[in-house]
Amino acid sequence: MLVTVSLGWALLQTGRYLLSPLLPTIIVDLGITEATAGIALAVFQGTYALVQYPSGEYSDRWNRTTLIVPGLAILVAGFALFGLTTGLAMFLVAATITGVGKGLFAIPSRALLSDLFTTNRGRALGIYAAGTDLGGLVSSGIAVLALTYATWRTPFFPVALALAVLAVVFASVTREPYEVGSRSLELRSTVARLVQSASQRETILAFSLFYFMVGGFINFAPAYLAQAKGFSDSLAGLTFAIVFAVGFAVKPTAGTLGDRFSRRGIAVSGLLIAAASLLALVAASSNLAIWAAVALLALGYKTGFPLADAIILDGAPADGMGADLGAARAIFLSANALGPAYVGIVATYVSYDVAFGGFVVCLVAAAALLFKSQ
């Protein structure tokens with residue numbers, strides 16, 4: 001199950017991260033501005049965020065399989081629709097459908113791993129989270145090929161097909177029956193449990209600031225490199241791949257270290273490294289300095305993903321892990337959804353450097369809050 005759900009996460013992230021290196025071409029082809037593109041991506045992230053809590057709650061009350069399989073089916077439809085997009089309206093519909101599918105898959109699959117791995121929870125979540133970076137690496141290469149030999153729409157079809165195959169595989173190996181129980185939600189009690197102490201509130205705020213930065217950076221990094229640093233679209237896409245190459249190695253390592261030492265301490269160190277590296281990226285002018293800054297930025301911020309999930313799961317009751325993680329990630333990803341809208345608007349009316357400089361402040365504040373909450 002670790003291999004199956006991690007591969008599913010890698011495949012859906014391949015499709016999701018195709019949008020970043022292809023975004024400059026999509027903007028031109030659809031005749032939209034960076035601000036409109038940012039809002040469209042915010043719709044995707046916002047939909048994904050909204051589905052987090054109910055999918056987690058229902059995966060606790062029903063079971064994990066009942067949410068995971070429909071989530072994969074909806075992802076197939078969403079990515080296929082991206083490949084058929086001819087205008088902004090259809091792009092928004094595809095983004096919304098894909099966001100729903102990703103939300104249905106994300107929390108139950110993480111909760112499933114938390115069920116199966118208790119002693120090595122951080123390591124299992126680190127392996128799972130590395131699927132993001134495997135997907136990002138694959139998408140960076142695919143995007144270059146698509147821009148050279150096809151159109152930006154072409155790569156979404158094989159992603160949809162691969163997810164369809166994986167859905168069949170998961171359905172054939174799972175031991176859980178499909179069960180639908182109570183549809184009521186206990187959002188108030190779940191949120192109250194998450195924020196009952198000052199330390200927990202500071203943790204939620206810290207990771208919300210972190211996810212806000214990630215949402216803006218990850219969606220606009222190639223466009224930033226192309227517009228502010230003078231990179232070609234292909235070079236920007238290849239540079240973007242550095243983020244995922246580093247993250248693929250860092251996430252399992254960070255998760256393993258979090259099992260052995262302080263998860264919060266490691267996360268604080270990562271946030272401070274990311275803040276310094278992002279400041280260096282804004283100031284850098286040579287290609288070598290930009291590549292070094294991007295690599296260090298990835299080293300810093302990629303540690304946060306498995307640690308954030310593990311910290312929330314560590315404090316969750318055994319029968320409410322999906323609900324707690326879903327509610328927490330709904331908050332994180334709501335902040336994440338605002339990131340691309342922020343960058344798109346600030347880049348359109350001020351500059352990319354100002355937009356990215358604002359993220360440095362967010363990372364420093366997040367590190368301070370997380371350090372205080374220890």
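The paragraphs below lead through the nonpolar core, the aromatic pairs, the salt bridges and a surface patch of this predicted model.

Because the model is predicted, local features need pLDDT of at least 70 and side-chain atom pairs count only at pLDDT 80 or more, whereas totals for chains, interfaces and linings use all residues. Residues are numbered from 1 along each chain as its sequence is written, and side-chain values use heavy atoms, with hydrogens and water left out.

A nonpolar core is taken here as a set of buried Ala, Val, Leu, Ile, Met, Phe, Trp, Tyr and Cys residues joined through side-chain atoms within 4.5 Å, where buried means under 20% relative accessible area, exposed means over 50%, and partly exposed lies in between (1.4 Å probe, protein chains only). The largest such core holds 115 residues, and within it Phe 217 and Tyr 301 touch the most other members. Helix α8 (residues 198-228) supplies the largest share of this core, 15 residues; helices are DSSP runs of H or I with at least four residues, numbered from the N terminus. Apart from this core lies another, of 5 residues, which includes Val 51, Trp 62, Leu 67 and Leu 104. Leaving aside residues up to four places away in sequence, Tyr 301 is in contact (heavy atoms within 4.5 Å) with Phe 210, Met 213, Val 214, Phe 217, Ile 218, Val 243, Gly 270 and Ala 274.

Aromatic rings form a second theme. Rings of Phe, Tyr and Trp (its six-membered ring) pair if their centres lie within 6.5 Å, and planes under 30 degrees apart count as stacked, over 60 as edge-to-face and the rest as tilted; the whole structure contains 24 aromatic pairs. In one of them, Trp 152 and Phe 156 have ring centres 6.4 Å apart and planes at 85°, so the pair is edge-to-face. Trp 152 is buried at a relative accessible area of 3%, and Phe 156 is buried at 0%. The rings of Tyr 224 and Phe 356, by contrast, are stacked, because their centres are 4.2 Å apart and their planes meet at 15°. Since Tyr 224 lies in helix α8 and Phe 356 in helix α14 (residues 352-372), this pair ties together parts that are 132 residues apart in sequence, and both residues are buried.

Charged side chains come next. With a salt bridge defined as a side-chain nitrogen of Lys or Arg within 4 Å of a carboxyl oxygen of Asp or Glu, the count is 7. Lys 302 and Asp 133 form one of these bridges, at 2.7 Å from N to O; Lys 302 lies in the loop between α11 (287-301) and α12 (304-314) and Asp 133 in helix α5 (residues 121-149), so the pair ties together parts that are 169 residues apart in sequence. Both Lys 302 and Asp 133 are buried. Arg 61 is bridged to Glu 57, with the closest N and O atoms 2.9 Å apart, and the two residues, 4 apart in helix α2 (residues 34-61), are separated by about one helical turn. Arg 61 is partly exposed at 28%, while Glu 57 is buried at 6%. Arg 64 meets Asp 60 at 2.8 Å, N to O, and a network of salt bridges links Asp 60, Arg 64 and Asp 115.
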